[in-house]
Amino acid sequence: MKRLPVLMYHGLHADPGARGRFDAVYSVTPVAFARQMDWLRSQGYRSIRLGDLDRPDALPAKPVLVTFDDGDVSNLEVATPLLLERGMVAEFFITSDFVDQPGMLSSEDVRALSGAGMGVGSHGRTHAFLEDLSDAALAEELDSSRETLAALCGVEIDAIALPGGRGGDRESRQARASGYRHLLGSVPGPNRAPFRSSWLQRIAVTRQMDDTRFARLVDWSGLSPRLARTRFLALRVPKKVLGNDNYQRLRSRLL
Ligand SMILES: [Zn+2]
């Protein structure tokens, strides 16, 4: 049965002084990213765009989806050239209010990503956790980010990645009502065909991840995937109990 590993990156930064917004957990070095992309290709993985899921019969034997969240300036300056050199594509989920902020993609950069053949999707307007919002505020986040990005790129925006990975049935229903066809969460998993579950599962690639662990997560083999899932689900329990603000503090301590 076909799987679809979906990788979740944020920024690519060699060190905290690199251009963009460095994150000690999620900033991956450009060297590690290049090595990971080379490994994928050497193993026969071929990167796809979300739209390719509309024609399951035409998918490569080993598809992989590379995604980036938030809209760090390194998405265009570092990631895009490394992807293009390898004939690869990715989907970039951009928080529309972050565009033109220091360290983030400019309006022109977002257009350039789209023009380079990369996918652009929404990552909310303000990066608020959608499950904390009223129905009206949720609708506003979904609609305004989609419209802003569509106007920037001149293409329809039909994919959203949940800010903070937080959301469930209500968010899924409203996102579909707002015109999104592809919904991505942050629960680690292998996405088995026919990829009809409400949210696509994603594998968070972190700065500390070594090559063996990366390979096991992508192949969804051995103990690493199960541990990643257990850890993620364990972190979800206190979130419900503590509320998102307290959860964020707990999480930053755990990570
Ligand atoms: Zn995010």
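**View 1. What His123 touches in the predicted model.** Setting aside residues up to four places away in sequence, His123 is in contact (heavy atoms within 4.5 Å) with Asp69, Asp70, Phe93, Ile94, Thr95, Ala161, Leu162 and Pro163. Its place is the loop that runs between strand E5 (119-122) and helix H4 (135-153); helices (H or I, at least four residues) and strands (E, at least two) are DSSP runs, numbered from the N terminus. With a relative accessibility of 1%, His123 counts as buried, where buried means under 20% relative accessible area, exposed over 50%, and partly exposed in between (1.4 Å probe, protein chains only). This is a predicted model, so local features need pLDDT of at least 70 and side-chain atom pairs count only at pLDDT 80 or more, while totals for chains, interfaces and linings use all residues. As for bookkeeping, residues are numbered from 1 along each chain as its sequence is written, and side-chain values use heavy atoms, with hydrogens and water left out.

**View 2. The zinc ion and its protein donors.** Asp70 (OD), His123 (NE2) and His127 (NE2) are the protein donors here, lying 2.1 Å from the zinc ion. Donors are N, O and S atoms within 2.8 Å of the metal (3.2 Å for Na, K and Ca); water is not among the atoms, so sites may look incomplete. Along the sequence, the donor residues follow the spacing D-x52-H-x3-H. The side chains of His123 and His127 also pair up in a polar contact of 3.1 Å; that term covers N or O atoms within 3.5 Å, and within protein one must be able to donate a hydrogen and the other to accept it, with residues adjacent in sequence counting only if both atoms are side-chain atoms. His127 has 22% relative accessibility, so it counts as partly exposed.

**View 3. Two loop residues with positive phi.** Most residues other than glycine have a negative phi. Asn191, not a glycine, has a positive phi of about 45 degrees. Look for Asn191 in the loop between strand E7 (182-184) and strand E8 (203-204), where it is buried at a relative accessible area of 3%. Trp220 isn't a glycine either, and its phi is positive at about 50 degrees. Trp220 sits in the loop between helix H6 (211-219) and helix H7 (224-242), and it is buried with a relative accessible area of 16%.

**View 4. Leu7 and the largest nonpolar core.** This core has 49 residues, and those with the most contacts inside it are Leu7, Tyr9, Phe33 and Phe68. A nonpolar core is a set of buried Ala, Val, Leu, Ile, Met, Phe, Trp, Tyr and Cys residues joined through side-chain atoms within 4.5 Å. Elements giving two or more residues to this core include strand E1 (6-9), helix H1 (30-42) and strand E3 (63-70). Apart from neighbours within four places in sequence, Leu7 has contacts that include Met37, Leu40, Val64, Val66, Ile203, Phe214 and Val218. There's also a second, separate core of 13 residues, with Leu4, Ile48, Leu53 and Leu59 among them.
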